[in-house]
Each structure stands twice: as C-alpha cells, then as structure tokens.
Amino acid sequence: MKLKAENVSFAYPGSSKGAEERFIFKNVNLELDAGKILAILGPNGSGKTTFLRCLMGMLKLSSGACMIDDKPTSAMSTKEFWEKVSYVPQQRMATSSFTVFENVLLGRSGQIAFFGTPRKEDKEAAEKILEELGIIKFRDRRCNSLSGGEFQMVLIAKALVSDPELLILDEPESGLDFRNQLIVLNTMDKLKEKGISCIFNTHYPKHALQKADCSLILGGEKPIFGDTAEVVNAENIEEVFGVRAVINEMQVDGETIKNIIPLYVTGKK
Amino acid sequence: MKKRTYVILILLPIVTALICICAGRMGIGPADVFKTFFGSKEISGNVRITVMNIRLPRILLGLLCGAGLSLAGCCFQGFFSNPLATPDTMGVAGGASFGAALGLLLGFNMIGVQLLSFGMGIAAVFFTKAAASGRDHGPAVLVISGIMVGALFSALVSLVKFLADAESQLPAITYWLMGSLSGTGYSKLALGAPVIIVGIIIIFLLRWRINLLALSEDELIASGTNVKLLRSLVVICATAMTASVISMCGQVGWVGLIVPHMCRLIWGQDNAKLIPASVSIGAAFMVAVDTLARSVSAAEIPVSILTAIVGAPFFISLLNSKRRVISL
C-alpha cells in the first residue's frame, strides 16, 4: 500500500470572519511506501495528532488531498478506508472493564456483519494476534487491571486483528517504562517485515532516528519531510524545538545506532 | 454464550410465569392451570376467568415490562458507558408520566391515556436530543439535558396534579404514577407489546455491536462501523421500549438498574451475553415481584414500592461486593 499526502493544510473552521485563518499546519507533502515506518515529530501543540486525525478523515482538510494507492481518501467509503487502515489512539488510563480477549475482538468489527456476532474465524484471529504479540497470558484479564504497557499492547493487538495494511499509532510509547517502550517499538519492526506500514507520533526524536525510515517534522516555519537520516538533524531540531542537541553514532555488533542528546534550550523558535 | 446457558435463560421466565400463575389470593393448582389452558370442561368459570382474563394478561405484561425495562437499562448503560444510567436518563419516564397524568386530567379512556403517555415519552427524548444538539460534546451533554427535560416534565406533572380534582382525579393520577400491573387487559397489551417485542429483537441482533459504544469517539470511528446508525437504533429502541412499559404500567423504578448489574456480576461486561441475560432475568424478576405485590396482602401493594425495597439493599450490597462489577 502506498500513502501520499499532497499540499495538506488544516485550520479549525469557525474563527471570526475576515480574520486570517490560523493554520495548524500548512502544505504538508509526504509519501510512504509499503512496509515503511514514518515518524511524526514536533513540540506540544504543533498539530501531530491533528495531522493524524486529518489523515484518517476524522477532521476535514482545509486544502490538499490524501491518497491511498493513488485513490483520494475522501472518495473512499468508511468501510473501504478502515479495511486498510487501523488506528491505535493515545493510550490513557485503561478504563475498559472488558476482558483483553473481548477488547481485541472489537477490532474485528469491520469483518463482522452489522447485526452479527463474532464467528469462529474472528475468535481465532484474536487468539492468534494475542499469541503473536506475546500477550496471550492476559487473555481473560480485565483491561482495567493491566499496566500501561500491557494495555498499550492490547490496543495494538486490537488494531492489528483486522489485518490492516497501514497502522497509525498516536504516541504509542508515551508514558511507558524503558522495557515497554522497546517492546512497542520492536513490534513496529516486526510489522515492517510483514509489509505493514506504520505511522507514529512521538515526543522522542531518538525513536524516530532508531526506527523510522522517514520523518515528518511539524511546528517549524514549514513542515519538513524526508528520510529520517537527512531531516532529523541538529539544525532542524533546533529550529523546531528550540533545543541545541548533538546526534552521535555508535557501533554495536556491527550495526550503527544513532542517539540524540539535548544540551540546552536556545531560545530560538 | 453456551447453548446450555441459552436454554436456562429461555426456561427461567417461562417456569417463573407458570409458578406465578398458580400463586395469589386464590390458590390454583398447576394441574387446573394446564386444564384451563387446554380448554377442559372440568374447570369452573371462576377459575377460568381468574387464569385467562386476570392472571395471564398480567403475567404477560410483567414478562414484557421486566424484559423491556432491564434491556433498556442495559442499552443506556452501554450507550452512555456509565453504570448509573437507567431507562430514565434521557427523560423518557418524566415525559410518559406527564402524558398519562394529562390524559387522566382530561378524562381520556385508558387507551387514550396509554397513547398520550407513550407519545409524550418519545417527545421528551426528542426534546433532550434537540437541547443537546447545539454542541457536539458527546453523551455527557445528553445526560445533562436529559436531567433538565426530566425536571421540566416532573414540574408539569405537579402542575397537572395541582389542577386535578382532589376527589377523583388526583388519587387516580397518584396511583398511576406509583406503577402497577393490575387491571391489565388484552387490549392494553395489544397496543404496547409489539413495540417492546420489536425493540427486544433489534437490540438482540445488535448485542455484540453495542460493545463498540464503550470505545472512545476516535476508536469508534476507526472501527469502520456506521456509528450514527448504531447510536440511533439503540436510543430509539430503548426509548420506545421504556415509553411503552410506562404507558402500560406506570413508573416502575429500579428494574432497569438492578437487573443489568446483577447480570454483569455473572457474565461480565460483554453485551453479547449481557443482553440476552438481562431480557430473561428482567422478565422473571418482574413477574416474581409483581406476584409478591398482589399476593402478600388483600390490598395490592404498588409494584414500584417493592422493586425499590428489594432493589436498594441489593444495589448497596453490589457496590460493596468483593467483585467490583461497578467501577465508579
């Protein structure tokens, strides 16, 4: 599956007439091929989540168009769109009192008839995805008894159970501990091997450097899009976040690993 | 849900109804009840009239009202993702009560009262919906405007009572508002039952999909489901069932709150199990309580008094139970 955004802009409607519209983001262009990972970076309030919601049609674009396999998403039916795309929302407190299995099964709703109930194959798909993500041991636990990291994996399982081609994750590793962050990020690597594309919002430029093939940086003068190795650099970070940072590389087991260390706030921005 | 559970859930209200049809001030043996059903000549006219014209319609009404109220409660709890939602959350009971009180004030016959009550119940929910439509803030605003509309209609009920003739109309209105299944005839049932039965069928078919309503707004959109259609069907069915119940037997409280929670204790949160269970247990519960109401004393006790006396302590014990089914 190939995703493309052309000159996408968004401003909240309803600002007073005649006043200049305040754009949340303007003229975003990007392209994402099958099996690639895109990271979206930017300070708080730069419109990362808004961009995702526009991409998914939950907010109406002010101008521009998003396309999946060269078909504008605005011309796709809800059903057609959500057969290809799955969404993992920003995880807050796990309030759901469904069991893990019941919750994951909800992800199959696109495959189940409106007046129907889950069939055998839906239940098998849910079992399989729990197995694959290593959370089958929580199958019958209530979601509100899980930790943040465990619940995040349940949300990912729920999104994956419908066999999407593109997974959109809103800050999937926020609020998680060291180990759970790694589990979530590595899950995206596994999806990549299967040819599933991922888009994730993140507050950690380090995670973009380590996992994403390409990155979109919002919140600067203009949106910046390109290969992560090119666009996530010290200049862009300083321009957008107002933070002086160094990027270093180290060799571990023959692999180059990048890290970014913030030094001080520059006041530019 | 396992087949065995379904069989139990189908048998439970039927067996309860058969036991209850024998019980009452005039004891009738099960054998005589069966003979009456099959039109045996051995049965005296008194027994025949008691079974066929008094107890049977009343028990059918009890089954339908119990099923309808507890299912409506279950729907609204799912719709608002709130364990404290009841069939009355959107103001339907207030509207239906006002309709009935107004009908009694204007001297309508019982069918007229029933129709006006049903119509006003539906109208109240439309008001609630319209009052909340200005802002797109989801269910919370609906709850608040439901409380407002409910308050408005309860004031109108008081106004009707104030205007009513204290000798004849006021007692009739007061007694009606307390809720009772007495004096049920087949004509009353014929008017109200189809609404409840259709509501039960539609909600039963949606039993799994209603689970989606517990998700956040964005997740709900991402499920690819026709959210508007789902929400509308649930609200319309739950409202119509509640209005129909109230128009037939007045305000019977608590059933819509207690029964779904009782079922949650056993079957968990999954509506695919909760909905059939609520229908069955609600029906059996209502018939049992109503039989108690008409049997314990010579003068009949209004059924809502008993549901509250049974319901309040039960609900308190649920709140304090070790298995916290109600998370507040």
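**Entry 1: the sheet with strand 10 of chain A**

I began with strand 9 (residues 214-217) of chain A, which pairs with strand 10 of chain A in the antiparallel sense over 4 bridges. Two strands count as paired here if DSSP finds at least two bridges between them. Helices (H or I, at least four residues) and strands (E, at least two) are DSSP runs, numbered from the N terminus. I then looked up L216(A), and its bridge partner in strand 10 of chain A is F225(A).

Before going on, I noted that this is a predicted model, in which local features need pLDDT of at least 70, side-chain atom pairs count only at pLDDT 80 or more, and totals for chains, interfaces and linings use all residues. Residues are numbered from 1 along each chain as its sequence is written, while chains are lettered from A and ligands numbered from 1 in the order in which they are written.

Next I followed the whole sheet: 6 strands of chain A in the order 6-7-8-3-9-10, open and with mixed pairing. Its edge strands are strand 6 (85-88) and strand 10 (224-227) of chain A, each pairing on one side only. On average, neighbouring strands in this sheet are turned by 15° against each other, direction ignored. For angles, axes are lines fitted to C-alpha atoms, for helices over the stretch in contact, and the values run from 0 to 180 degrees between N-to-C directions.

What packs on this sheet? I found helix 1 (residues 48-55) of chain A there, touching strand 3 (37-41), strand 7 (166-169) and strand 8 (197-201) of chain A, with its direction at about 145° to that of strand 8 of chain A. Helix 6 (residues 178-193) of chain A also lies across strand 3, strand 7 and strand 8 of chain A, and runs at about 155° to strand 8 of chain A. Contact here asks that the C-beta atoms of two residues, placed from the backbone, lie within 7 Å.

**Entry 2: the other sheet in my notes**

I moved to an open sheet of 4 strands in chain A, ordered 2-1-4-5 and antiparallel in its pairing. Strand 2 (23-32) and strand 5 (71-72) of chain A are the edges, each pairing on one side only. Inside it, strand 1 (residues 3-11) of chain A and strand 4 (residues 63-68) of chain A share 5 bridges in the antiparallel sense. I picked S9(A) and found S63(A) as its bridge partner in strand 4 of chain A.

**Entry 3: helix pairs in chain B**

I looked at helix 8 and helix 10 (residues 227-249) of chain B, whose axes come within 9 Å and cross at roughly 155°. That angle is why helix 8 of chain B is roughly antiparallel to helix 10 of chain B. The cut-offs are under 35 degrees for roughly parallel, over 145 for roughly antiparallel, 65 to 115 for roughly perpendicular, and oblique for the rest. The contact residues of this pair split into 10 nonpolar, 4 polar and 1 charged. In this count Ala, Val, Leu, Ile, Met, Phe, Trp, Tyr, Cys and Pro are nonpolar, Asp, Glu, Lys and Arg are charged, and the others, Gly among them, are polar.

Then I checked helix 3 (residues 45-79) and helix 12 (residues 271-295) of chain B: their axes come within 7 Å and cross at roughly 140°. Helix 3 of chain B is therefore oblique to helix 12 of chain B. By class, this contact has 15 nonpolar, 7 polar and 1 charged residues.

**Entry 4: the chains together, and confidence**

How many residues does each chain give to the contact? I found 22 from chain B and 21 from chain A. On the side of chain B, helix 9 (residues 217-222) of chain B gives the most, with 4 residues. That side holds 9 nonpolar, 8 polar and 5 charged residues.

I finished with confidence: the predictor gives the complex an ipTM of 0.87 and a pTM of 0.90. The mean pLDDT (the predictor's confidence in each residue, from 0 to 100) of chain B is 89, and 97% of its residues reach 70 or more. Within chain B, helix 13 of chain B is lowest at a mean of 83, and helix 8 (residues 186-205) of chain B is highest at 95.
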